[in-house]
Structures are given as C-alpha cells and as structure tokens.
Amino acid sequence: MKLSMSAAAGVPPINFRAHELRTGSIDGARADFEKMITALAGATIPNIRRIEANPGDWGVDAFAGDLDGAIIVWQSKYFMPVTTPSHSQQIRTSFASALKAARDNGFTIANWVLCIPSSMDGPAAKWWDRWKKKAEKDHSVVIQLWDETELMRRLHSPEGNQVRRAYFEPWGNAAEVAGPVSNTRTGMFVGRACELGALDAAFAEAGEAVVAVHGLGGVGKSALAARWAAGRPEAVRWWITADSTAAVDAGLAGLARALHPGLTGQPAAEQTETAVQWLAGHNQWLLVLDNVEDPAHIRPLLDRIPGGRVLITSRRATGWHHDATSIRLGILTPADAVELFARVLTHQGPRDTGRANAVCEELGYLALAVEQAAAYCAETGIAPRDYLDMLAEWPATMFDSGPEGSDSDRTVARIWRLTLDRLTDTPLAGGIQRILAWYAPDRIPRDLLSSLAEPPVLATAIGRLVAYSMVTDNNDGTLTVHRLVQALARTPDPRDPHRQTATIDRARDQATTLLAAAFPTDLEQPGNWPRFRALLPHSDALTSLHTPAHDTVHTARVLNCASAFRQTQGSPDAAVPAFERALDTRERVLGSDHPHTLISRNNLAYAYAAAGNPGRAIPVYEQTLEELERVRGKDHPDTIMTRNNLAGAHREAGDICRAIQLFERTLQDRKRTLGNHHPDTLASRNNLAAAHQEAGDVNRAISVLERTLEEGERVLGDNHPTTLRFSNNLAAAYQEAGDVNRSIPLYERTLETCERVLGKAHPTTLISRDNLVAAYKSAGRVDRAISLYEGVLHDRKETLGEDHPNTLASRNNLALLYAYAGDLNRATRLYESLLGDCERVLPPSHPMIASVRANLKRTRSM
C-alpha cells in the first residue's frame, strides 16, 4: 500500500520524489537533494558553500562559516520513503566523519544539521532523541533535524518560496488547475451500496492511496469504479484504460493535454512525463486505472505518484499486496440483477419483463451478461422467456451476441476467450477450467485435480486461474467457479480455440474419471461419509450435464457410488433410475457378462427391494446369481453377496422359508471361504437370526444374535455401523420375547451410540429410535414414547421431506401413540391430515392408505 506524505497543518504537501523525477535516478536524486538543501540554507544564511565528494565530503555537504574557525554543517541523507532504525549507522558515520574532518583540518563544528526528505518512524525517532542528546553532550555540538515536516515549513516560508518553485513546481503557475478536469463517466447502475461503502472505507483508512477492485470479467468492476469516481470531490478525476503499458502512457498523455492544452503538439513521451510530474507534485486528484492486466505494468507509475488517489480495476485477484488494498467484487444480488435487466429492457418504453428473473438466474447474475441479454431482447423485440429458449438451444451464438453498436470485445464469450488467451503459457490452466465446468459451481474439492500434474505444476495452474478470477479459492480445500463461466467452457464454438468440441469432450471424460476415483470404497465407515457428501453435488451436476450416450464406465461408477451412499443414508428415491443408467452403460461398454455389469445388476435389484418392490427385485437377483455362478464361480464373494441379497428380497416378499434356506447356504459358504469371524460371516449370521425371529423362533434368534454381537464388538468395534445393527436387532429380539428389562437398556445404549456416531438422521438411528418407542409403549411408558417419537417425526421431515413414505409412516405411528395414550382428539386430527396427504402422494392401491383410513375410523369410534 502507498503511504501519502504527511505535512504540517495548513501547509500544502511537497513531493520530495520530484528529485528522482528531475534526474531519473536515485543517485541523481541524492545530488539534487543536496543542491536543494544548500539553496534552502542559503536563503536565510549568507555565504553557504558546498563541498564536493572528491573523494570524500568530510561528512559535510554544505557549511556556513570559515574553515579556520567554527562552522555550521548541513549533512543530507536521501532516505525515502521513511527513515527507519536501519539508517542510524549512516547517520552516526556521517557525524563521526564530520568530527574527524574538523580535528584533522583545524576547524570546529558549532551546529550539525541532518537533512532528510522523509519522516522517522517511531523506533527511529526514539533512537534519534537518545543519540542526539548523548552526541551533543559528548561533543559540545548543537544537533538539529530538518526532516520532511521541517523542510516543507521552510520551503513554504517567504525565504523558501524561490527554492520551492525552482525544485518542486517545474511549470510555475500553470501547474494549478483552474477548474475541474475529468473524463470519468457513468452509465446505468443499480445496487452495490455495500461495495461503494467499502471503497469509501478503504480510501478513508489512514495512509491509503491505492485500492484495487478485482473480480471475474463482466462482473461490473468498471461500472462500480465509474459510479464511485463520479461522486468524488477531487478537482482532477481521470480515467485511463490500463490494459497495457502503451494504453497507460496514452491515457497519461491525454491528462497532460487536459491540464495544459498547449502541450498538444509535443511528443507523446513528453506529454506522458509531464502528467506524471504533475501528479507527483499534487495530491487533489483521482486516477482510475481500468482493466489492469498485471500489477507490474503500473508499479513504476505508482512509485512515482505517491500523492492523490488511485482506483484500479482488474481481473487479477492476486499480486496487489505490495501496491494496494484489494476489494473482491462479486455478482449482483438477484433483485439488483432483475432491476438492471428490467431497466435496460424498458429503456425505450414498456415491455414484457416476465421470466426476467429466470434469465438472470441462468446467467448467474453476472452484470455484463444480464445487461447484454436485456439489450438484445430490447433490440430484437423478443421476450425474456424466448431468450431463455434460444440460450438453451443456441448457447454459443447467444453468449457471443450483443446489441447493435455495442463493443464486440465486451461480450461474455469474448471476455472469457481473452482471459484464457492470457493463460496460454500455462496450458494446464485451460484444461482445468474445462474440467471444472462439469461439476457443481460451488465447493469443488481441490484434491479432485491432484492426479493431473505434479503438485508445483498443478498449484501454478490453479493459481493462474485464481489470479484472473476465473476460479475462486475458498481457502478451505475447495474451489468455486461462476456458473456462466462453466456454461461457456462446456459450449463448443469453432471460432474459439479454447472451446473446440474434441477438447470439451475430453474434459468431460477427464472430469468423470477424476470424480469416479475420488469416491471412497467403504460405505460403512462413518469417517468416509463427509467425503461422499462433498462429492454428491458434483456427481449430480456431472451426470445431468450430458446425455447417457456419453456415459463411460467411470460415469457408471459415479452413479453407483452416489446412489449407494444415498440408499444407506435413507434417501433411496433416485436410486432406481441411477442404477438403471449405470447398468445400461456397463452393458453397452463392457458387455452383459462383465463382472462390473453383474454388480450393477445386483445394485439395481437392491434398489428395487429398498423401494418396496421385492417382487421386481427377485427375478433380477435370480438372473444375476445364475450369471455370477457361471462367470465368477459359486464361491466368489460377489456371488455369495447376491445370494444373500436374494434371500433378503424373499424375506421382504414374505417367503420366509425360502429366505431361511438361502441365508443358511450363504452363512455356510462364508464360513467356508472367509472364516467364522469375518464381518461378512457375522452379517450372514445376523440375517439368518432375523429370519428365524420372523419365523417365530425368537429364542433361537436371541442365541445367535448374542454371539454375533459379541463377535461384532470384538472384530469391528462398538461404534461400527454393522455392530450397531447387530445390537439393535438383539434388542428387538429381547422385546419380542417380552424381556423389557434387557431390551430397553440395550435400545437406549444403541440409540445413544447411533446418534453420536451416525447422526440423528441416519436410517439406523431412526430405526433404533422407532424400536425404542415401541419398547417404551409395551412397557407402559407412553409419555416417554410420544416424546421420543415426535423427535423421530421431526428428523424424518428434515431429512426425507413431508411427503416421503417413511415420514408418512412415522405420522401414522405417532397418531397411534396419541390414541393409545387416550388423546383421541389429537390422534384424529393427525389421522385426518395424514389421510389427505397419503391420498395425494401415494398410489390409490398403496396399503398405507387403507391402514390410515382404518385407524381413523377406529379412533373416531372410540
């Protein structure tokens, strides 16, 4: 950040860097500063002489008096922009040199004056006070300091006026501005009150003179800068298009001509230098540097003009920490975007603005895109709803379209292309941009990209995209991309080298491969669930943004992983179409007998069963089992797993005898191939025990489940989801056997662990709570049952929604509890609302409708 020179109250500041401007170098500035000091001292004291360094200056730049007596010494040090403790050694050395010269040459020093064109910071000032006091006492010399403030006071005194004009006002009175000089302009503008306030606050911060507004191309940076500049009080407000050093020079030359029309015929370089020197010598001005491509392009200029204010706009998000306070500009709010669209569309008169909100949402509330879409509608006479249709069917054309007379370089497609043109020296950056286009726009895990290149190369490529605001680094391991940038990156355009069809298709396949590899393999481990949840939005986006015809085996894995996880978390609704799509892809790409195809068929059958349709699942399982036995063998884990799932489907369908036969065979196969203590063997033992329980042999089930739970706790641990299912099942068996003294404590322990490990909304947790409610009811603790079940219903509404079958079932169960507790009015009201929802949501033949209707009739008759 640039620091403005300070000045005494009521004294106009002087830019001491004028010495550098006059001479073109630091060395020249030192010599020029020495001459100025000599002239300034001579303005009040006669017979001042300079001592040239030949080879040394005795620690004396200028003196007054005779060298055979006592003299006053002025020593100049060109310390800029601030004097710090690091300069103390130079000061001590110069003072010591002056004392030695006096001893060696027979004169004495009465006064020694240190002259510096800057102010001391706190530590330097503290050092100076201590050193000055000691040096004066030790050497009987009066020591003075002419720092920035003292020099300005002397230069503005009547005696110093001539020196000031000679050194700091190179154009005399012509340098003063007679009236406002401005080329800033503002167009249609909406909203942004917070951002305008942020600019005010940034410039109000002590010492702040340079602020950079950065953001995605087309987000509205220039409009914000123009609006803010238009309300400023500075006498000189000058706008410069700063996308190249040549453009900056041309803009400065224009400022020089505006300040001094007589310069019009002078060489351009002279005009530019004149403007820089004028800016360096004044501070009541505002310079807007619009569309800066690289901070390095303007840094030399900023170094020469420390006064005044500079507002920068740039797509570059990084690189400003040395030069400016930076402010990131985001998209418009939805309301402001719609207002902008409507104002542009109706500028010439009333128009139909229906669906304007949908257009703005589709364009991601990007200011330039919204404005151009509205202008296009206004010019062509089409309605916003028609624009949406055209955008969907011809996106490449619409992204590159602007109204007649608009700047062809200012369409969103053109800005996107120009930005990527800047990144061609980092080819991976463009590839990453196209890959990210296939994911959801927000919170894309950065590590999805880790296999694309070595870490330093990858970090550089992402950094370049961040620097040009094409990607936002959320600094939490995730990235965000504007949805319109994504849409452009996915839309082929033969005129754009960054959007060729083959390149986009390759990026889609890469995005799919990377996402498929990122899914964990173990659904049962709670530690993997945050990763699954983080990837779900991106799997949904990826699979919705292209047709199944483009699916690969990696797409099938993405579909399988996402849907399987949702099933385990109690959200099976979308699983069937996802598993069907994955199966179609694997059959097409791998063939019907490939092991992965058979696994997909097993998953589809499981989804049918989970959706409450075991009759549809059983034939798919039977076909899959037959093909697995042929392709993989009867003892392969996939074959045994499918047999286990088939047994479960028969159990769900009510064929408990067939289920027990298959569960027994599965258990024997797993004991033989995996061993007695393998987790899959324990799961088979649990499944068989549950089947025996359903068949009425609860004591046999309890014996098996007790042993299974003990083994599960030893092999898997107390907190493993499978162990918790074992525990819940054993508690249910105790309950069915009428042993509430063992069932309720075990249910309570299981529920506490489920809520802590799995979360309150996990299916296993909800089942455990359901079971505990039933146990409380059977034990006569109805109030406790109702309180707990109201929590179950709340969580199911939050997780599954009001109309999910499981939520409807929970409402039915809660109404039963109200009736059981004697609260018939409350039960009746709940049944009545539930029946209406069931009839609205479920098919007419669904058994829950008949059950709720019967429960309502019975409650009314009580």
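Which residue's side chain meets that of Arg632 in a salt bridge? Select Arg632 and Asp638 to see the answer: their side chains meet with an N to O distance of 3.7 Å. A salt bridge here is a side-chain nitrogen of Lys or Arg within 4 Å of a carboxyl oxygen of Asp or Glu.

Before moving on, note that this is a predicted model, in which local features need pLDDT of at least 70 and side-chain atom pairs count only at pLDDT 80 or more, while totals for chains, interfaces and linings use all residues. Residues are numbered from 1 along each chain as its sequence is written, and side-chain values use heavy atoms, with hydrogens and water left out.

**Stop 1: around Arg632**

Colour the pair by accessibility. Arg632 is partly exposed, with a relative accessible area of 33%, whereas Asp638 is buried at 18%. The cut-offs are under 20% relative accessible area for buried, over 50% for exposed, and partly exposed in between (1.4 Å probe, protein chains only).

**Stop 2**

The whole structure holds 48 salt bridges. One of them links Asp352 and Arg385, whose closest N and O atoms are 2.9 Å apart. Asp352 sits in the loop between α12 (334–345) and α13 (356–362), and Arg385 in helix α15 (residues 384–393), so this pair ties together parts 33 residues apart in sequence. Helices (H or I, at least four residues) and strands (E, at least two) are DSSP runs, numbered from the N terminus. Asp352 is partly exposed at 40% relative accessibility, and Arg385 is partly exposed at 39%.

Next, pick Arg601 and Glu627, where the closest N and O atoms of the salt bridge are 2.6 Å apart. Arg601 belongs to helix α25 (residues 595–610) and Glu627 to helix α26 (residues 614–631), so the pair ties together parts that are 26 residues apart in sequence. Are these two residues buried or exposed? Both Arg601 and Glu627 are buried.

**Stop 2: strand β10**

Show residues 236–241 as a cartoon. Five of the six residues of β10 are buried, so the strand is largely enclosed by the rest of the structure. Strands count as paired if DSSP finds at least two bridges between them. Strand β8 (residues 181–182) runs parallel to β10 and is joined to β10 by two bridges; look for Ser182, whose bridge partner is Arg237. Strand β11 (residues 285–290) also pairs with β10 in the parallel sense, over six bridges, and there Val236 has Trp285 as its bridge partner.

**Stop 3: an open sheet**

Select β14, β16 and β15, which form an open, antiparallel sheet in that order. β14 (444–445) and β15 (472–473) stand at the edges with a single partner strand each, so one side of each has no neighbour in the sheet. Two bridges join β14 to strand β16 (residues 478–480), and Ile444 stands opposite Leu479.

**Stop 4: a helix pair**

Finish with helix α31 (residues 721–736) and helix α33 (residues 763–778), whose axes come within 11 Å and cross at roughly 20°. Axes are lines fitted to C-alpha atoms, for helices over the stretch in contact, and angles run from 0 to 180 degrees between N-to-C directions.
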